[in-house]
Amino acid sequence: MSEKNHVETIDTSYEPVEYDPQYILMVNNLKKYFPIKGGLLQKTVGYVKAVDGITFNLKRGTTMGLVGESGCGKTTTGRTILRLAGEKTAGQVLFNGKEVYDFTDKEMKEKRTEMQIIFQDPFSSLQPRMPVGEIIGEAVREHGIVPKDQFDDYIDEIMDECGLQSFQKDRYPHEFSGGQRQRICIARALALNPEFVVCDEPVSALDVSIQAQIINLLKELQEKHNLTYLFISHDLSVVEHISDTVGVMYLGNLVEYGPTDRIFENPLHPYTKALLSAVPVPDPDAKMNRIVLEGSIPSPANPPKGCKFHTRCASCMECCKTDPPKMVEIEPDHFVVCHLYSDEANK
């Protein structure tokens with residue numbers, strides 16, 4: 001009975017990192033577990049390991065793409081960084097050198113202007129009973145971004161930057177197309193003069209032609225306002241276009257991380273290779289060496305021992321089934337978590 005009711009202890013240990021001013025965001029061994037309740041007394045019987053110890057740094061004014069299958073923890077990572085998913089389980093989240101989870105409620109409210117998010121579904125993230133001008137300006141008024149006499153002109157300016165007309169601010173969200181609604185979401189985030197924006201699959205619900213317009217808008221705003229993006233997506237072609245660095249996520253862990261050109265030209269991890277092999281090539285005569293992964297992604301509530309990818313990996317070795325691999329830097333700033341490259345770390 002005791003073994004049946006045993007709940008594993010959570011390892012919250014980590015080595016703190018020192019702040020490096022070139023990075024606006026430093027994530028160190030971040031974990032976010034959700035408890036599983038069971039029984040009459042609703043006791044914790046296990047955990048969903050949505051984010052299970054990821055580490056990366058994000059330079060100012062750049063874009064990091066975060067890719068992976070649905071359910072791998074991309075969105076939870078973004079929300080945990082912004083303190084939108086409750087308390088973290090373990091790790092560090094340094095924003096401009098300060099731990100995000102050390103802020104008081106009052107301090108966090110002030111920091112909200114510096115850290116914003118663009119949600120995946122533009123329609124469900126907009127208040128249907130508020131006109132667009134109020135949706136964009138609600139937080140501007142709350143945080144006192146501009147004086148009252150400049151409020152209307154400021155909202156007009158923000159809407160114009162995002163490709164919206166000032167006369168549209170009296171309309172409601174249902175009167176806009178999907179692309180226009182996403183522009184409203186971008187304007188709402190931009191209105192607070194943020195430094196860092198989490199883009200949570202902002203183009204996945206849009207047509208391809210509209211996707212290109214939104215991506216170009218995000219790049220223009222980044223150049224103009226020196227914004228830093230964490231761009232979450234499952235579309236590798238979009239990520240290649242907008243990102244400076246890419247992190248590949250699988251079942252709560254980063255399996256590969258590095259500059260975009262190196263990830264796409266020289267993928268190292270078997271999972272990264274499989275993802276890239278699925279990207280369509282605009283050439284009907286091109287031969288596709290498609291890598292088909294067997295099975296489906298395991299449950300984050302009961303992940304495999306050793307390397308979490310070993311149950312689907314064609315290159316699986318015996319050590320993969322028992323020993324978790326460590327992060328290895330194969331070339332400058334290009335990291336991979338795989339036993340295939342463990343010898344590289346010893347050179």
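The model is predicted, and residues are numbered from 1 along each chain. Helix H4 spans residues 151-161 and has both buried residues and exposed ones, while the sheet is an open one of four strands.

**Helix H4 and its surroundings**

- The buried residues of H4 are Phe151, Tyr154, Ile155, Ile158, Met159 and Glu161. Seen down the axis of H4, these buried residues fall within an arc of 160°, so they line one face of the helix.
- This arrangement can be read against a general rule: an α-helix has 3.6 residues a turn, so residues three or four places apart point the same way.
- On the other side of H4, Asp153 and Asp160 are exposed.
- The cover over the buried residues of H4 includes helix H3 (132-143), helix H5 (178-190) and helix H6 (208-225).
- Just after H4 comes Gly163, which takes a positive phi of about 80°.

**The four-stranded sheet**

- The strands of the open sheet follow the order S2-S1-S4-S5, and their pairing is antiparallel. Strand S2 (43-59) and strand S5 (98-99) stand at the edges with a single partner strand each, so one side of each is left without a neighbour in the sheet.
- Strand S1 (residues 23-38) runs antiparallel to S2 and is joined to S2 by 13 bridges; within this pair, Leu30 stands opposite Ile54 in S2.

**A helix across the sheet**

- Helix H1 (residues 74-81) lies across S1, S2 and strand S4 (90-95), and H1 runs at about 110° to S1.

Methods:
This is a predicted model: local features need pLDDT of at least 70, side-chain atom pairs count only at pLDDT 80 or more; totals for chains, interfaces and linings use all residues. Side-chain values use heavy atoms; hydrogens and water are left out. Buried means under 20% relative accessible area, exposed over 50%, partly exposed in between (1.4 Å probe, protein chains only). Helices (H or I, at least four residues) and strands (E, at least two) are DSSP runs, numbered from the N terminus. The arc is that of the directions from the helix axis to the C-beta atoms. Contact means heavy atoms within 4.5 Å. Two strands pair if DSSP finds at least two bridges between them. Axes are lines fitted to C-alpha atoms, for helices over the stretch in contact, and angles run from 0 to 180 degrees between N-to-C directions.
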